[in-house]
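Here is a friendly note to go with your first look at this model. Please keep the viewer open as you read through the points.

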Amino acid sequence: MEITEKAPAKLNLFLDTPFNHPDGLPEWNMIMTSVDLADYVKIESIPGRTGIKVRTNTGFLPNDSRNLAYQAARVLQEKYQIRARVNIEIRKHIPVAAGLGGGSSDAAAVLRGLNQLWDLKLNNEELAKIGLTIDSDVPFCVYGHTAHVLGKGEKVIPLKKLPPMWVVIAKPKLSVSTPHIISKIEHQTLQHSNIKLMLDAIEHEDYDSICRYMGNVLEQVTGKEHPEVLKIKDKIKQFGADAAQMSGTGPTVFGICSKSTRAKHIVNSLKGFCHEVYLVRIL
């Protein structure tokens, strides 16, 4: 038995972290959405055998227990005592270590796929709870819709569909370690924004206000170590985006536009400055 799941990239339209929990993990206050840049994850289950095997079309990902898709298969195997070999083949299109949640989305795809193959009958809330044990972005990726995400990532509150927009994604030729950036956060020095303004803008489908109230406090942290991220953000705005910011812990920066012609102009203008550039739509 096998199934193929689409694993979309995520963007942080808003990201704040007001404090750390006693275990050292950040409290998140985020608005996340998914875009049509995606990996494709083929999952095969062979009953009566054991083991997990992961293959990818890139040499940048580990194929062992460090891979989040591998971890997703293992946690379901162990939790529900499933005796079956799991083969996972990941066709990567989302850049690695980019702040786009590729690994988490792959893991969510494995959870969804095995839930069907093994007839576990788990709902999204149950899958998200399991996903949190793998990575803080997995619960959102289980749902895959625009949402307000709180806590350590486990509270996923669906939001209204966003107004039509084009998204330009720019990934510089560098990688950023999420644990490293998180370790550098000094909450008392961060310049926090008001997420309520952004939530109101989405509720009223107000594109201009969405552009005005986007924000990511971790730009202050990543930008200090990698100034190139802020330079690309400035270029995207200079070339005509209505708004631009870093996604997650970076280094990827995205810009949004209401018109496809302007978005295509930005893509063409960026190609001389950035390693990877994509033009996508929000799902």
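This is a predicted model: local features need pLDDT of at least 70, side-chain atom pairs count only at pLDDT 80 or more; totals for chains, interfaces and linings use all residues.

1. Two strands count as paired if DSSP finds at least two bridges between them. Five bridges join β2 to strand β5 (residues 147–151), and the two run antiparallel. For a place to look, find N29, which stands opposite L150 in β5.

2. Now for the other partners of β2. Strand β1 (residues 2–16) is joined to β2 by 14 bridges, again in the antiparallel sense, and within this pairing P8 has A38 of β2 as its bridge partner. Strand β4 (residues 84–91) pairs with β2 over eight bridges, also antiparallel; here S45 stands opposite V86 in β4.

3. Is β2 mostly covered or mostly open? Mostly covered: of its 20 residues, 14 are buried.

4. Which residues does L283 touch, leaving aside its neighbours within four places in sequence? They are P8, S34, V35 and D36. A further pair to look at is L283 and G144: they are 139 residues apart along the chain, while their C-alpha atoms are separated by 8.4 Å.

5. Next, please turn to an open sheet of four strands, which follow the order β9-β10-β7-β11 with antiparallel pairing. β9 (243–246) and β11 (276–281) are at the edges, and each has a single partner strand, so one side of each is left without a neighbour in the sheet. Direction ignored, neighbouring strands of this sheet are turned by 20° against each other on average.

6. The pairing of β9 with β10 (residues 253–257) is antiparallel and has four bridges. Two places show it well: M246 stands opposite V253 in β10, and A243 has I256 of β10 as its bridge partner. Six residues lie between the strands in this hairpin of β9 and β10, and G248 takes a positive phi near 60° there.

7. Two helices pack on this sheet. Helix α9 (residues 227–238) touches β7 (166–171), β9 and β10, and its direction makes about 15° with that of β10. Helix α10 (residues 260–270) touches β7, β10 and β11, and its direction makes about 10° with that of β7.

8. How many of the residues of β10 are buried? The count is five of five. Both faces of the strand are covered, with V253, G255 and C257 buried on one side and F254 and I256 buried on the other. β10 also pairs with β7, in the antiparallel sense and over five bridges; W166 has C257 as its bridge partner in β10.

9. Moving on to helix pairs, look at α1 (residues 68–80) and α2. Their axes come within 7 Å and cross at roughly 30°. Angles under 35 degrees count as roughly parallel, and α1 and α2 are therefore roughly parallel to each other. Their crossing is right-handed. On the α1 side the contact involves L68, A69, A72, A73, V75 and L76, which meet G103, S104, D106, A107, V110, L111 and L114 in α2. By class, this contact has 10 nonpolar, two polar and one charged residues.

10. The last pair is α2 (residues 102–117) with α3 (residues 124–132), whose axes come within 10 Å and cross at roughly 130°. That makes α2 oblique to α3. Here too the crossing is right-handed. L111, R112 and N115 of α2 make the contact with L127, I130 and G131 of α3. These residues divide into three nonpolar, two polar and one charged.

Note on methods: Residues are numbered from 1 along each chain as its sequence is written. Side-chain values use heavy atoms; hydrogens and water are left out. Axes are lines fitted to C-alpha atoms, for helices over the stretch in contact, and angles run from 0 to 180 degrees between N-to-C directions. Angles under 35 degrees count as roughly parallel, over 145 as roughly antiparallel, 65 to 115 as roughly perpendicular and the rest as oblique. A crossing is left-handed if the near helix is turned anticlockwise from the far one by less than a right angle, and right-handed if clockwise. Contact means heavy atoms within 4.5 Å. Ala, Val, Leu, Ile, Met, Phe, Trp, Tyr, Cys and Pro count as nonpolar, Asp, Glu, Lys and Arg as charged, and the others, Gly among them, as polar. Buried means under 20% relative accessible area, exposed over 50%, partly exposed in between (1.4 Å probe, protein chains only).
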